[in-house]
Amino acid sequence: MRKICLFCLLAISYHAIGQNADSVWIVNNYTKKKVSIPMRDGIKLFTSIYIPKDKSEKHPILLSRTPYSCAPYGETVFAPVWNGYLKNYFREGYIMVTQDVRGRWMSEGEYVNIRPFNPNKKGTEIDEASDSYDAIDWLLKNLPDNNGNVGVFGISYPGFYSTMAAANNHPALKAVSPQAPVTNWFIGDDFHHNGAFFQMDAFGFYSGFGQPRPKPTTVGPKEFNYSTHDNYKFHLEAGSLKGLTKYMGDSIAFWKELMVHPNYDAWWKARDARNATKNLQPAMLWVGGLFDAEDCWGAWNAYLAAEQNNPGKAFNKIVEGPWYHGQWASNDGTHLGNVQFGSNTATWYQQNIEIPFFNYFLKGKGDVSKIAEASVFISGANEWRTFNQWPPAGKTDQAMYLQANGKLGWTKPSAAQGFATYLSDPAKPVPYTEDVHFNRSRTYMIDDQRFAARRPDVLVFQTDNLSEDVTIAGNVVADLMTSISTTDADFVVKIIDVFPDDLGYNAVNIYAEADPAPIYPMGGYQMLVRGEVFRGRYRKSLETPSAFVPNKVEQVKFELPALAHTFKKGHRIMVQVQSSWFPLVDRNPQQFINIYQCNEQDFIKSNVKIYHNSLYASKIVLPVLK
């Protein structure tokens, strides 16, 4: 798993790269300073500052706080900002600031993962909100020629720190943009979805990131030495989460915390970033990717919490594009994997929303009246739509029923009997993607699902060819009626767009700035539009899990992260149901035992039935937009 910092982690000397107009201009027109800023408890945080040499006007400050290093650390070497869209902020004359958060890299203090927000701090008590407040206050008082206006932005973990910064309500903090912000690591971001543990990302991340750092350093942690570069093989041979814990060793503190907090308890609730979304004074621009494999959940739900907690707030808006994690900050938003978007969506966002947002609130320049409450890209139709609220007022929730013979339709089944069944075998879990990978694929969110449809442990239901376009915008709800032969199981539901069989190959833009999409046969392509997992033991409560009674019919109902997609006329809508998604998600032993402490021999097979009859009608509720 790769987390994002807006400033590259790679130290690149200006003299070591090929010069271009932007690089020459930035180095000639900016001075770099490194400082250690004292916090209210005496701890000093290392901060890198790029200051315009221009003295003809006052300049706004744009801050990003990161656990991923504000390298390069020397004052004579510049981060390669000229290679991306950040060069626009330099051209606009911003004072650009990055800071190593408390306990990371060159900053002093103790690092705490997703440090809880404390709304009742006293004296020298700290949290990430107070650290950002103290940093802003110091910058305003110590940087000459600043105009008194500050903005904060960041992607992923820096998005979490952006949310925390917004909660400090420093009077100079005028605009904040949390982007793909880590928001809740149990319900929907990164390391858990609905209580199911995303072991591949968690292990890959914390085996490096989680290593202790006794004192400030510019040297990063060593990576884990994997025995194979086939992640399916590695995680299967680990045997269980206990096996991964043995690989992890004794020094990774947060991994130990993950292993002893299996349910949504007070420890997790204190670490929900939505706790920091009350009484937000800055203008807020939340940004996320529809196909973000890491923090798809966070942007949507932090925005909704801010809406609820700040009624009538003038500027609390959201942008969701067809992007992987951080793609909106790249040079190329034309495609993801095999799926083309018809335009450079990243550049469009940068030029029409983000840069105008900060320019308006920090420089008094331009106009933000055209930035809608919700700007959302509709994949499939490949068009941007704007909405006055989210979810859209024009959507209606319509049930689409699973039916006999693999059919999917708007009519509730009338037969008194009927179910589909499969055998879920933890020894042969369903892979999350067809290919062999070492790192988790960021394109799995839109991957072709034909490989899964061919497996006997994946149920497939699909419509006939659509006679008209069907656009959905909002949260899909999976409402399954099921029985299992054991006491626990996972349920993975995938919403899929099936392309017509006579479609050709995907178009390739050979002039794209990034690598063009590969040529791939799109006839019959089963595009994953949204997939989500639910750990069955939490069907009644995330806080208090409960066992299934073997072979008793029960309801498993859960919400998938919001999406926006048009199933075109002539396409089909498909739903796949399965009970493993490996090694993306840890295997459920399919017994009601502590998954984090179970042994390899505890994993057993389970017969899973999904009912589709008049009494037990499984359905998918779609937010259909007219």
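How many of the eleven residues of helix α5 (residues 199-209) are buried? Ten of them are, so α5 is largely enclosed by the rest of the structure. The model is a predicted one.

## Overall form

The protein holds twelve helices and 27 strands. Its radius of gyration is 25 Å, close to the 25 Å that the globule rule gives for 626 residues, so the protein is as compact as a globular protein of that length. The C-alpha trace spans about 80 × 55 × 50 Å along its principal axes.

Of the 626 residues, 61% are buried. When contacts between residues at least 6 apart in sequence are considered, 78% of them join residues at least 24 apart.

## Surface and charge

The protein exposes about 23600 Å², and carbon and sulfur atoms supply 49% of that area.

## Helix α5

The buried residues of α5 are Gln199, Met200, Asp201, Ala202, Phe203, Phe205, Tyr206, Ser207, Gly208 and Phe209.

An α-helix has 3.6 residues a turn, so residues three or four places apart point the same way. In α5, ten of the eleven residues are buried.

## Helix α10

Helix α10 covers residues 296-309, and its 14 residues should span 20 Å at 1.5 Å a residue. The C-alpha atoms at its ends are 21 Å apart, which agrees with that expectation.

Ten of the 14 residues of α10 are buried, and the helix is mostly covered. The buried set consists of Cys296, Trp297, Gly298, Ala299, Trp300, Asn301, Ala302, Tyr303, Ala305 and Ala306. These residues pack against the strands β9 (283-289), β10 (316-321), β13 (374-378) and β22 (526-535).

## Tyr89 in α2

Tyr89 belongs to helix α2 (residues 87-91). Its relative accessible area is 0%, so Tyr89 is buried. Leaving aside neighbours within four places in sequence, the residues in contact with Tyr89 are Tyr30, Leu62, Tyr94, Met96, Phe153, Glu354, Ile355 and Phe358.

Tyr206, one of the buried residues of α5, is 117 residues from Tyr89 along the chain. The C-alpha atoms of Tyr89 and Tyr206 are separated by 33 Å.

## Met574 in β25

Met574 is placed in strand β25 (residues 572-578). With a relative accessibility of 2%, Met574 counts as buried because the cut-off is under 20%. Beyond its neighbours within four places in sequence, Met574 is in contact with Leu408, Val460, Phe461, Gln462, Lys494, Ile495, Ile496, Val498 and Gln526.

A separation of 186 residues along the chain lies between Met574 and Asn388, and the C-alpha atoms of the two are 30 Å apart.

## Cis peptide bonds

Trp390 and Pro391 are joined by a cis peptide bond, with omega at about -5 degrees. Pro391 is in the loop that runs between β14 (383-387) and β15 (395-402).

A cis peptide bond also joins Phe582 and Pro583, where omega is about 0 degrees. Pro583 is found in the loop between β25 and β26 (606-611). Strand β25 is also the place of Met574.

## Positive phi in two loops

Which loop holds Asp190? Asp190 lies between β6 (173-179) and β7 (192-193). Although Asp190 is not a glycine, its phi is positive, at about 55 degrees. Asp190 is buried, with a relative accessible area of 0%.

Asn194 sits in the loop between β7 and β8 (196-197). Asn194 is not a glycine either, and has a positive phi of about 50 degrees. Its relative accessible area is 9%, and Asn194 is therefore buried.

How values were computed:
Residues are numbered from 1 along each chain as its sequence is written. This is a predicted model: local features need pLDDT of at least 70, side-chain atom pairs count only at pLDDT 80 or more; totals for chains, interfaces and linings use all residues. Side-chain values use heavy atoms; hydrogens and water are left out. Helices (H or I, at least four residues) and strands (E, at least two) are DSSP runs, numbered from the N terminus. The radius of gyration is taken over C-alpha atoms; the globule rule is 2.2 Å times the number of residues to the power 0.38. Buried means under 20% relative accessible area, exposed over 50%, partly exposed in between (1.4 Å probe, protein chains only). Contact means heavy atoms within 4.5 Å. Accessible areas come from the Shrake-Rupley method with a 1.4 Å probe; for residues, only the protein chains shown count as cover. The expected span of a helix is 1.5 Å times one less than its number of residues.
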